[in-house]
Amino acid sequence: MIKTDVLIIGGGPAGAACAWYLRRHNIDCLVLDREPFPRVKLCAGWIQPEVLADLEIQPGEYPHSFTTFSALRIAIRGIGFPLPTRQHAIRRIEFDHWLLQRSGTPVVTHHARTIERADGGYVVDGEYSGKYLVGAAGTHCPVYRTFFQEVHPRAADTLIVTQEEEFPYAYADPHCYLWFVENRLPGYAWYVPKAGGYVNVGVGGKAEILKANGDTIMHHWDRLVEKLARRGLVRDYTFTPKGHSYYLRQSFGKVRVDNAFIVGDAVGLATLDMGEGIGPAIQSGLLAAAAIVHGTEYTVDTIRRSSLLPTWLFGI
Ligand SMILES: Cc1cc2nc3c(=O)[nH]c(=O)nc-3n(C[C@H](O)[C@H](O)[C@H](O)COP(=O)(O)OP(=O)(O)OC[C@H]3O[C@@H](n4cnc5c(N)ncnc54)[C@H](O)[C@@H]3O)c2cc1C
């Protein structure tokens, strides 16, 4: 049996941020992730500058390059306008790996399946034990499944389905485009050029509304591919998109039960306007770690609910 103080399941941004904070406070922890890093994570990789501030990432410290946009090219139902704002786009395959390494935490490749309570702590698959347990394994997190399903039900009307692809491409247009609610898509489509000659394109929308409209996310993906070709953004490329689903911010039940915590997509924290989940995942990881270190209450109430729009638009 491998023993540690804090067992973290999932080494994405939420788990890595939690581990980074714990290690800085000399708390012994171990990250289990089912995939060896660097690993592919479906995500457009758009982050706000506060992500770098939250993790105290100094200018020049990040070893990879990332794109910085001074404006987003937004279109709502076909009406376009530039939105001046400072934003970054990283590649998750690079960013997540670096964050995990930076945390200085040991990482074991292990697909966590069963979790039991034993000796006042938690045992994963009979092999790993921790006094505390942090569920950072995303939408299908086993910690969520085992301890939180009933006390923190995730609302079906906040489930987002996506199709996306990131690929090397000699792009000519360096702007970031976001197309909202076109062709009755209950969400938006994007084109994000990345440093190092990569492009990320995708569509995301609310699953329940798509279903009620007799629509599918694949249908919107096909429309996006047509649009990219028509506008000359991506041409002569054979796409093989993949899908993933995650939850937007919702009203919360419990995010801590005894010494088990959930963070990031396991909670469902992505912002209501943009589905931005990296920043909220990192903040929740830091908050959970702070609760363990300082014995404070763990709550995600302070994490922002929207990215660009005022929160009152969402009635919150
Ligand atoms: C197509 C798409 C585009 C997106 N674009 C953006 C964007 O541009 N900006 C933004 O801020 N957010 C975006 N998001 C949301 C963002 O990707 C997530 O909110 C964010 O990754 C959540 O981080 P996390 O650490 O909670 O989970 P994850 O990043 O999903 O990390 C979870 C980790 O847990 C591991 N894991 C899973 N199950 C197990 C298990 N049983 N045992 C062990 N390990 C396990 C996984 O391998 C993974 O490494 C997007 C999401 C999608 C699907």
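Me: At what angle do helix 1 and helix 7 pack?

Reply: Happy to start there, keeping in mind that this is a predicted model. Helix 1 passes helix 7 in a right-handed crossing. Their axes lie 7 Å apart, and the packing angle is about 35 degrees.

Me: How many nonpolar residues are in the contact of helix 1 with helix 7?

Reply: Helix 1 brings residues including Pro 13, Ala 17 and Leu 22, which meet a set in helix 7 that includes Ile 278, Leu 286 and Val 293. The contact has 3 polar residues and no charged ones. The nonpolar count is 15.

Me: Which domains each give at least three residues to the shell around the ligand?

Reply: The ligand is surrounded by 41 residues, and Gly 10, Gly 12, Gly 138, Gly 264 and Gly 277 are the closest. Among the elements giving two or more residues to this shell are helix 1, helix 7, strand 10 and strand 13. By class, the shell has 17 nonpolar, 16 polar and 8 charged residues. The domains asked for are domain 1 and domain 2.

Me: Which strands are the edge strands of the open sheet?

Reply: The sheet has 8 strands with mixed pairing, in the order 3-5-4-11-12-13-10-14. An edge strand here pairs on one side only.

Me: What is the bridge partner of Phe 180 in strand 12?

Reply: Strand 11 covers residues 177-180, and strand 12 covers residues 187-194. These two strands run antiparallel and are joined by 4 bridges. In strand 12, the partner of Phe 180 is Tyr 188.

How values were computed
Residues numbered from 1 in each chain as written. Predicted model: local features only at pLDDT ≥ 70, side-chain atom pairs only at ≥ 80, totals over all residues. Near = placed C-beta within 6 Å. Nonpolar A, V, L, I, M, F, W, Y, C, P; charged D, E, K, R; others polar. Domains from an automatic or database assignment. Axes fitted to C-alpha atoms, helices over the stretch in contact; angles between N-to-C directions. Left-handed = near helix turned anticlockwise from the far one by under 90°. Contact = placed C-beta atoms within 7 Å. Pairing = 2+ DSSP bridges.
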